[in-house]
Amino acid sequence: MSFQSYLDNIEAKTGLTPRQFIALAEERGFGAGTKATPILQWLKDEYDLGRGHGMALVHVITKGPKISAAHVGRSGPHGDVSDELWLDGAASNPDR
């Protein structure tokens, strides 16, 4: 599954876009210096998200939307279209 697909699936499950999760995380004091464990626990407790999906959100909460170009442009299930993740909702993604 591509990184963007993880984020899109989280939105489908929770009704919240990645950008909304970033705002909620900031309200809880989570950000660039936060370790993964407390964020993962919050996501599990409040949104029933597992580790894989949680780690996708940990990345955007702590590092922003930029990802490694290693899988960009690759075909197959792990390929992403861009090294910049779309955070404003799957329906408005111009790459979809």
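The model is predicted, with local features needing pLDDT of at least 70 and side-chain atom pairs counting only at pLDDT 80 or more, while totals for chains, interfaces and linings use all residues. Residues are numbered from 1 along each chain as its sequence is written, and side-chain values use heavy atoms, with hydrogens and water left out.

Visitor: How do the axes of α3 and α4 cross: parallel, antiparallel, perpendicular or oblique?
Guide: The axes of helix α3 (residues 36-47) and helix α4 (residues 51-63) come within 9 Å and cross at roughly 125°. Angles under 35 degrees count as roughly parallel, over 145 as roughly antiparallel and 65 to 115 as roughly perpendicular, the rest being oblique. The relation of α3 to α4 is therefore oblique.

Visitor: Which residues of α3 make the contact with α4?
Guide: Contact means heavy atoms within 4.5 Å. On the α4 side it involves Arg51, Gly54, Met55, Leu57, Val58, Ile61 and Thr62. From α3 come Ala36, Ile39, Leu40, Trp42 and Leu43.

Visitor: What is the geometry of the aromatic pair of Phe21 and Tyr47?
Guide: Rings of Phe, Tyr and Trp (its six-membered ring) pair if their centres lie within 6.5 Å; planes under 30 degrees apart count as stacked, over 60 as edge-to-face and the rest as tilted. The centres of Phe21 and Tyr47 are 5.0 Å apart, with 75° between the planes. This pair is edge-to-face.

Visitor: Is Phe21 buried or exposed?
Guide: Buried means under 20% relative accessible area, exposed over 50%, and partly exposed in between (1.4 Å probe, protein chains only). Because its relative accessibility is 0%, Phe21 counts as buried.

Visitor: Which residues do ring pairs link into a cluster?
Guide: The structure holds four aromatic pairs. Ring pairs join into a cluster Phe21, Phe30, Trp42 and Tyr47.

Terms used:
Axes fitted to C-alpha atoms, helices over the stretch in contact; angles between N-to-C directions. Helix = DSSP H or I, 4+ residues; strand = E, 2+ residues; numbered from the N terminus.
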